[in-house]
Amino acid sequence: LLHDTGGPDVSASAPAQTVVYEERFTSGLGQFAGTGSVYTSSSGIRLAGSIGSGKGVITSGPIVTTNVSKLTLTFTRSTSGLDVGEAGVASVSVNGGAYTTLESTRTASGSTSIALPDSASNQADVRLRFAVSASSALESYTVDEVVLSGQRAGDPPGGGGSLPPGSSVDAGRPFATTATTSAGPGRNKTD
């Protein structure tokens, strides 16, 4: 039974998003390569600062985004001990071009979602890079749960009020639902 909750119209929601790339770092660096001060832990990949060229950097292999547009990068990050002028930096490169900064942050904690530039859509070689710009090994930028998603050409619009399949529901990924308690036995009686 559908019930008007006064909330947004879920039947006119945004098009479905397709996961193009995902790295949760459950087995080390996974699909990324690292240079400098890079450490794995249960909370992700920690990139530590260093004097000179040993700063932590991880870079993905090539990601194919052919027939995919409206790309969004979602990841969890946290910083520790970064001074003014230092930062954890997320960036993207398209087809071997220069890296474009998506986020540069000194104080971060939690998940973020960032729209990639349109130039990353429908490409053969998109690369993600996470780096720390800091001068001490005690200063760090930790990255985890990296997901790149977008709208694949030909995908039907999402929404329609349906729930995701039970196998895709993950406690760390919220999804919208609406429940009504105004119907059923003993409800809506007219006395």
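Modeller: One word before we start: a residue is buried when its relative accessible area is under 20%. In this structure, which is a predicted model, Phe32 and Phe130 are both buried.

Biologist: What is the relative accessible area of Phe32, then?

Modeller: Phe32 comes out at 6%. Since the cut-off is under 20%, Phe32 counts as buried. Tyr21 is buried too, with a relative accessible area of 6%.

Biologist: Okay, on to the strands. In what order do they sit in the open sheet of five?

Modeller: The order is β2-β5-β10-β7-β8, and the pairing is antiparallel. β2 (32–35) and β8 (100–105) stand at the edges with a single partner strand each, so one side of each has no neighbour in the sheet. On average, neighbouring strands here are turned by 15 degrees against each other, ignoring direction.

Biologist: How many bridges join β5 to β10?

Modeller: Three bridges join them; β5 covers residues 57–60, β10 covers residues 126–133, and the two run antiparallel. As for who faces whom, Ile58 stands opposite Phe130 in β10.

Biologist: Can we look at another residue of β10? Which residues does Ala131 contact, leaving aside neighbours within four places in sequence?

Modeller: Ala131 has its place in strand β10, and the residue is buried, with a relative accessible area of 15%. Its contacts of that kind are Leu47, Gly56, Val57, Ala87, Gly88, Val89 and Tyr141.

Biologist: Now the rings. How many aromatic pairs does the structure hold?

Modeller: To read a ring pair, look at the distance between centres and the angle between planes. The structure holds four aromatic pairs. For Tyr21 and Phe32 the centres are 6.1 Å apart and the planes meet at 70 degrees, so that pair is edge-to-face. Tyr21 lies in strand β1 and Phe32 in strand β2, so the pair ties together parts eleven residues apart in sequence. For Phe32 and Phe130 the centres are 6.1 Å apart with planes at 45 degrees, so this pair is tilted. Phe32 in β2 and Phe130 in β10 are 98 residues apart, so to speak a link between distant parts of the chain. Ring pairs join Tyr21, Phe25, Phe32, Phe75 and Phe130 into a cluster.

Biologist: Which residues touch the most other members of the largest nonpolar core?

Modeller: That core has 29 residues, and Leu73, Phe75, Leu128, Phe130 and Val146 touch the most other members. Elements giving two or more residues to this core are β1 (18–23), β4 (44–48), β6 (68–80), β7 (87–94), β10 and β11 (140–152). Take Leu73 as an example: not counting residues up to four places away in sequence, its contacts include Leu102, Ile114, Leu128, Phe130 and Val146.

Definitions and conventions. Residues are numbered from 1 along each chain as its sequence is written. This is a predicted model: local features need pLDDT of at least 70, side-chain atom pairs count only at pLDDT 80 or more; totals for chains, interfaces and linings use all residues. Side-chain values use heavy atoms; hydrogens and water are left out. Two strands pair if DSSP finds at least two bridges between them. Helices (H or I, at least four residues) and strands (E, at least two) are DSSP runs, numbered from the N terminus. Axes are lines fitted to C-alpha atoms, for helices over the stretch in contact, and angles run from 0 to 180 degrees between N-to-C directions. A nonpolar core is a set of buried Ala, Val, Leu, Ile, Met, Phe, Trp, Tyr and Cys residues joined through side-chain atoms within 4.5 Å. Buried means under 20% relative accessible area, exposed over 50%, partly exposed in between (1.4 Å probe, protein chains only). Contact means heavy atoms within 4.5 Å. Rings of Phe, Tyr and Trp (its six-membered ring) pair if their centres lie within 6.5 Å; planes under 30 degrees apart count as stacked, over 60 as edge-to-face and the rest as tilted.
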